[in-house]
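The stops below move from one selection to the next.

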Amino acid sequence: MTATAKPQLNPALKLALDLGPLVLFFFANSRYGIFAATATFMVAVLAALAASYALTRHLPIMPVVTAIIVVVFGGLTLFLHDATFIKVKPTIIYALFGAILLGGLFFNKALLGVVLDSMFQLTEEGWRKLTLRWALFFFALAVLNEIVWRNTSTNVWVDFKVFGVVPLTFIFGALQVPLLKKYGVEQPAE
């Protein structure tokens, strides 16, 4: 019995679905303020999730968890008219992802392979090291988010989310390429 491969999104489309809601959040905030931006973000995250599902017929776990937290904390932000909830949301998401990845390692499971839908083929040691690195990176982002939102204006925090976290994540990901090369597993030619 052969397993059928899950349909994969074009990388450019996946990037657009991942970053699109954040870009809309940034633009809505710059024009209409944090509450309109929060509502826009909530709708955009759900629309991106729906589009991803429509195209692949499966839902990746990280975007689902993120969408749930966005809807809950965005809803609290709008209902209570308090921006604190949307500002704390990234801290919770980053800490949760870091804890899940470390928890998996504690139980001898490198969960990053599941999260990445096996985009890479690595040895067990490679997955462990990559998982640990990403877990620590998520914890660092959680701390950084707390520092920024507690010590700057809402507009500076929004700018940090777009022009700080996104580039930091890309840079951190690029810095993992040597590990991916060192622990990569060659796929047999078909």
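Select Leu105, Asn108, Lys109, Ala110, Gly113, Glu124, Trp127 and Arg128, which line the second largest pocket. A pocket here is an open set of points on a 1 Å grid over the protein atoms alone, where a 1.4 Å probe fits, with protein on both sides within 12 Å along at least five of seven lines; lining residues have an atom within 4 Å of a point. The space in this second largest pocket amounts to about 170 Å³, a volume being the space filled by probe spheres set on points joined across faces, edges and corners. Its lining comprises three nonpolar, two polar and three charged residues. In this division, Ala, Val, Leu, Ile, Met, Phe, Trp, Tyr, Cys and Pro are nonpolar, Asp, Glu, Lys and Arg charged, and the others, Gly among them, polar. H6 contributes the largest share of that lining, three residues; helices are DSSP runs (H or I, at least four residues) numbered from the N terminus.

The model is predicted: local features need pLDDT of at least 70, side-chain atom pairs count only at pLDDT 80 or more, and totals for chains, interfaces and linings use all residues. Residues are numbered from 1 along each chain as its sequence is written, and side-chain values use heavy atoms, with hydrogens and water left out.

Keep Asn108 selected and move to the loop between H4 and H5, where Asn108 is found. Its phi is positive, about 65 degrees, although Asn108 is not a glycine. Asn108 has a relative accessible area of 64% and is therefore exposed (over 50%; buried is under 20%, partly exposed in between, with a 1.4 Å probe and protein chains only).

Next, select His81 in the loop between H3 and H4. His81 is another non-glycine residue with a positive phi, near 50 degrees. Because its relative accessibility is 54%, His81 counts as exposed.

Step back to Leu80 in helix H3. Leu80 counts as partly exposed because its relative accessibility is 45%.

Finally, display the largest pocket, which holds about 1,700 Å³ of space. Of its 47 lining residues, Lys14, Asp18, Leu19, Met62 and Thr169 are the closest to its centre. H1 provides the largest share of this lining, eight residues. By class, the lining has 34 nonpolar, eight polar and five charged residues.

Methods:
Helices (H or I, at least four residues) and strands (E, at least two) are DSSP runs, numbered from the N terminus.
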